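Have a look at the sequence and the structure first, then read on.

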Amino acid sequence: MSGGGTETPVVCEASPGGGDKKKDSLGTAGSPAHLIIKDLGEIHSRLLDHRPVIQGETRYFVKEFEEKRGLREMRVLENLKNMIHETNEQTLPKCREIVQDNLNQVLQRLQTASDAVCRLQQKEQERKKILNDHLIASEKQRIIQWEDFMKEQHSKQAEVDEEHRKAMERLKEQYAEMEKDLAKFSTF
């Protein structure tokens, strides 16, 4: 058999002079029939009763399985321990350094972009303020020009009205004279 079970050779010895003095139904303990029956019992148990052998094999298999499993688990745990140690000692510092460097670069770029945006916003606000001031000044100037235009229109309207009134008076006078002249001629 394989492994841990131990085999003992079958020994058929008859004790000379009889060892046990017990009497069986077949005879005395030292009788040849008794020895044969005893040997047959041993042969029967070895050939047909496999429980002790199976128990031994089972114990051997369990022992080997537990040892191999324990060794496999120990290898896995050792690999995990080595991987964790390598990660802690090498990978994490490298990652931390790379992240720190990249983070500093990103922060610098972000600060530069933020400054550029602030400058653009200030320029845009200044441009809007200048444009707004220009629009307000233009609006005030147009209001002043409109008021001047309206004053000028009123004065021109007054002049035109005055000229129209004078022209109407002249025409009235002229027509009145013409009527007088016509009345003079009509009396003839």
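1. Start with K129, which pairs with D133 in a salt bridge whose closest N and O atoms are 3.5 Å apart. The term here covers a side-chain nitrogen of Lys or Arg within 4 Å of a carboxyl oxygen of Asp or Glu. K129 and D133 sit four residues apart in helix 2, so about one helical turn separates them. K129 is exposed at 54% relative accessible area, while D133 is partly exposed at 39%. For those labels, buried is under 20% relative accessible area, exposed is over 50% and partly exposed is in between (1.4 Å probe, protein chains only).

2. A word on what you're looking at: this is a predicted model, where local features need pLDDT of at least 70 and side-chain atom pairs count only at pLDDT 80 or more, while totals for chains, interfaces and linings use all residues. Residues are numbered from 1 along each chain as its sequence is written, and side-chain values use heavy atoms, with hydrogens and water left out.

3. How many salt bridges does a search of the whole structure find? The search turns up five. One of them links R127 to E124, with the closest N and O atoms 2.6 Å apart. R127 and E124 are three residues apart in helix 2 (residues 51–186), so here too the separation is about one helical turn. R127 is partly exposed at 46% relative accessibility, and E124 is partly exposed at 32%.

4. The general point behind this spacing is that an α-helix has 3.6 residues a turn, so residues three or four places apart point the same way.

5. Further along, E152 forms a salt bridge with K156, and their closest N and O atoms are 3.0 Å apart. E152 and K156 are four residues apart in helix 2, which puts about one helical turn between them. Both come out as partly exposed, E152 at 39% relative accessibility and K156 at 41%. There is also a network: E162, R165 and E169 are joined by salt bridges that share partners.

6. On the overall fold, the protein has two helices and zero strands. These are DSSP runs numbered from the N terminus, with helices being H or I of at least four residues and strands being E of at least two. Helix 2 has 136 residues, yet its end C-alpha atoms are only 174 Å apart, short of the 202 Å a straight helix would reach at 1.5 Å a residue. That expected span is 1.5 Å times one less than the number of residues. Where does helix 2 bend by about 40°? The bend is at T87, taken as the angle between axes fitted to the seven residues ending there and the seven starting there.

7. Buried residues make up 3% of the 188 residues. The accessible surface is about 17400 Å², with 59% of it belonging to carbon and sulfur atoms; areas come from the Shrake-Rupley method with a 1.4 Å probe, and for residues only the protein chains shown count as cover.

8. M74, V76, L77, L80, M83 and I84 make a nonpolar surface patch of about 590 Å². Patch residues have over 30% relative accessible area and no salt bridge, with like charges joined within 9 Å and nonpolar side chains (Val, Leu, Ile, Met, Phe, Trp, Tyr) within 5 Å. M74 lies in helix 2 and is exposed at 54% relative accessibility.

9. Disulfides: the count is zero, using a cut-off of 2.5 Å or less between a pair of cysteine sulfur atoms. C95 is partly exposed at 39% relative accessible area, as is C118 at 37%.
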